[in-house]
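This report goes through one chain and two interfaces of a protein model. Please look at the sequence and the structure before reading on.

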Amino acid sequence: MAVAISNRSRRAMGAALLQAFLVVSSVVIIFPFFWMISTSLKSNLEIFRPSPTLFPERLFTENYAKLLADSSFLRFYWNSIVVSVVGTALSTFSSMIAGFVFAKFRFPAKNFLFFLVLATLMVPFQCYMIPLYSMSVGLKLIDTYTGLIFPIVISSFGIFFIRQNMQSIPDSLIEAAKIDGASIWRIFFTIMMPLSMSSGVALAIFQFMTAWGDFIWPLIVTNSQKMFVLELGLTRFRGEFVDDYGLMMTGSTLGIVPVLIVFLFFRRYIIEGVTLSGMKA
Amino acid sequence: MNSGRGKRLFADREEASFILAVLVPTMAAFLVIRLAPIAETFVGSFFNWSLVDGFGRFVGVRNYVRLFADKTFYSSFVNTINFTVFTTLFSVVLGLLFACLLNRKPRFSTLYETIIFVPVVLTFVPVCLVWMWLLDWESGFVNVALRALGLPRVSWLATPTMSMVSVIIVSVWKVIGYNMIIFSVGLKAIPREYYEASAIDGSSRWTVFRRVTLPLLKPITLFVTVMAVINNLKVFTQVYVMTMGKQGGGAQVDVLVSDIYTRSFVYYRMGSASAEAMVLLVVVLAMTALQFRLAREDE
Amino acid sequence: MRRKSLARATTAILLAVACLAQVQAKPVKLTLWSGYPDLQGFYESVAKEFTAQNPDITVEVQTFALADLDKKLGMSIPSKTSADILELISLYSFPWATKYFSEVPANLKKGCLDVVNKTYLHDVMYGEKMMGLPFCFYSEVLYYNKDMLAEAGLKGPPDTIEQLVDYATKMTKRDADGNVVRSGISLRFAGNPSGTCEKFWAFGLMPFGGDILAESAKKPGKFHNGFDNEAGRKALGLYLDLIYKHKVTDFNIKQDSDAFAQGKAAMLEREQWVVGTLKTAAPGLNYGASALPKGTARNTFAITRNMFVPKAAKDQAAAWKFVSFFYSKPIMERMVRETGWLSTRADLDYKALLKESPQLLAGIDNPPDLKFIWQKRLTIENGIMTKMGEEITKLLRDQGLQGNEAKIREEIHKLGAIVDDMLKDSDLYAE
């Protein structure tokens, strides 16, 4: 009798400790985000004060009103959505299909090609953006949606990630489908994709986030304001001498909303996708 | 079924045409979007390439020789390695920690998971600004909190060393959620049967973790660590915003990519920048190969 | 017979006129780039006014963060994909001006020369050729907090370097642990290294007659470092003494205009834009501005902002027309009044325009002994200043250097050699 209680209370204490740890960690981790939102609701005067205030004295929603009514801001938003959605769709699909090939097939030079794909991941963008820019000039892609999107339609990270995940899908499933007479394309769409749903969705989320936050390529490939993306538009709030911190934080907060929505909406698929798969030999 | 042929799963012709149908466009895209520009950078490293005057004349390995004699290159290199080691270590371990803790499905786990992932979703420039405010000596919230707790203030951004520490803190903070999600995907793939078997067995949680979970997570761990190392070796934005900004900000920290940037856009020495980029590529390749080798040895 | 040929001639003439009219009425769209996002509103309103007067020309204004603009210039100017009008500070124009920009057309040049304050022409004149139109300038002045001066019993801003050191020491405040809570004067030793070097140039080298680069007397057009001398040693010594001997500031406390705005610095050497910042950040601050104090000489630097038109711009005439409109008296007056940026036009009534911000007059009412020192306009100059800035930052952190004359001499000599090497590398060195 005494032993049973002690086990239960031990487990309860463990659970309580876990909660405590998680609460403290979460508060620490979310604090900068909270600060960002708090700043976006402060007037510039309050932001510049020497001693910081945790909460705004008065909710200064003027910045939000200003940005949401600003047609160029909304245009930047729209451009970001177009570029990120199209780019993500293309790169996720291309990564899944190429990841499938690298995971489940054998062919000459396979390792070499995979190494090549992986190697391109290792060169930072800053190092090859100038030749890429010259190419875009030659192809007349400056200031176009195509110009903004084309560098992100493929992803070495994506291929790597999907390959790793698909390798753990049992070959027996594929063999069984083959016996049933399925074509490779059908196998891909009816077996591989559903089974790697969680990694596919995770990949899509990551790709979307990367595309959304990118500003270096948009900076150099677009010349006119109407083609700016959101991240680029935000840099304009950093004047050379005066930073409009309030507007910048407001713009950034508004800017995260789509990515947060995408994450919140799709995270279920990551978890459920795995349990639905009924995986494991 | 496929006797004597090892792992071949498909008949020849169908397989070949599928592979071609997928790989030809994919590799063509890689060629155009990545390989060709990188190749041009490689070629450029052997020329006296200036952003202002164009490609210039062939100078052989002069850019490389000069690079290896340059003090700034070495300090950038050392800083980059330091940054990579610490950021990778902390971000992978903490990511795994949170993934495991949340895998136990405590109450509110969805909320915690979302909160921990939020930093990943934020974009770098505003995030760095916020952190710079939070780490300010006098009015930054971190020091205010430390003082309230009776602890001494920390000079987060005044010296190059502390500046680096601050950049590492921001980088780790930003990426924990990302690693956590990837580990979560891996953890959830481990069937309950394994855990149940050990529970019957009577093993402690830690033993289960060490003997069952970790080994099964190996491919994921390898993936997370390799990606972390690659990304950390390429670090730029945080360093640029937090230490190379116009006013305020931290003492300058040089890393390889920021040095490449300075060579390109301040000195206009594209040849030198390209040489450094190629050296960085070799470093990344070496470290990645090393990790794969270490992983295989464990087996 | 005669009527027919008359009719034909008239038709021909009418047709010709119609064609000409068509050609002239073709709509032109120009783009303008600027590195000052806070001026987007102002530029757009000027562009609108311009189009109202010239309906077939529209000007689209793009502003970028200055550092980003630099990147864009590097990519777009050589590939001829840049904007038609570039509003740049001189420093960003040096690599491109002679090779990629077009000369200011003769009538605009004359119009400018008639009204401009000739002091500010330096950076755009390459011999007789004017490669851009300088419309705005900002110069380095001394800002001081009047309340803090009064508190320390001081009558006015310091006029000499000795007074500067003295006043800064008197106005410094420290807390119980010895940490500085109010700098006597804000110093620049962090952030963008080229800016740090610029401040070293203005604050340290200039009062003692030094310069970053000096032109070779024997071989004009070639240069060597201008600070491996008494001036350079005194400059470094000044910084080190202020930090370690008089302890007027430290590495922790906030610096620059933010510090001045929050009352964490009693004095600051900066350009005119500070006035605009202080209006929003610290509207009640009681401060003044004066010319830089003198050492063996009273020097300062000025930076001009200029309009350039690249050779690759499609419609040169239209572009210069806009520039001409921009530089007209009413627009320049608006600029001064609304944005606080000072114009290079000498014919404006600044006292009236700057009634709200009298501190800006410090940039206009220059004392007679004030001399302007200019940059040498070399492509490598930004690189040299960046490198120097990095080295100076390191030197300033070395407490052991303070008061150690031999070591200071050695370090300055080393720094001079670094700069000379960079010049040699670009084939620009001569003694």
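## Chain C

Among contacts (heavy atoms within 4.5 Å) in chain C between residues at least 6 apart in sequence, 74% join residues at least 24 apart. This is a predicted model, in which local features need pLDDT of at least 70 and side-chain atom pairs count only at pLDDT 80 or more, while totals for chains, interfaces and linings use all residues. Residues are numbered from 1 along each chain as its sequence is written, chains are lettered from A in the order in which they are written, and side-chain values use heavy atoms, with hydrogens and water left out.

Chain C has 17 helices and 16 strands; these are DSSP runs, numbered from the N terminus, with helices (H or I) of at least four residues and strands (E) of at least two. Its C-alpha atoms fill a box of roughly 105 × 50 × 35 Å along the principal axes. Of its 431 residues, 60% count as buried, meaning under 20% relative accessible area with a 1.4 Å probe, protein chains only.

## Chains A and B

In the contact of these two chains, 95 residues of chain A meet 84 residues of chain B. The buried area is about 8700 Å², and carbon and sulfur atoms give 81% of it. Buried area is the accessible area (1.4 Å probe) that two parts lose on being put together, summed over both. A:Ile29, A:Met122 and A:Ile154 supply 8% of the area that chain A buries against chain B, more than any other three residues.

How many salt bridges does the rule find across the interface of chain A and chain B? It finds one, where a salt bridge is a side-chain nitrogen of Lys or Arg within 4 Å of a carboxyl oxygen of Asp or Glu. A:Lys178 forms a salt bridge with B:Glu14, and their closest N and O atoms are 3.0 Å apart. Helix α1 (residues 2-40) of chain A gives the most to the side of chain A that touches chain B, with 16 residues.

## Chains C and A

Here 31 residues of chain C and 23 residues of chain A take part in the contact. The two chains bury about 2400 Å² between them, 62% of it on carbon and sulfur atoms. C:Lys72, C:Met75 and C:Gln262 supply 22% of the area that chain C buries against chain A, more than any other three residues. Across this interface of chain C and chain A the rule finds zero salt bridges.

Technical notes:
Buried means under 20% relative accessible area, exposed over 50%, partly exposed in between (1.4 Å probe, protein chains only).
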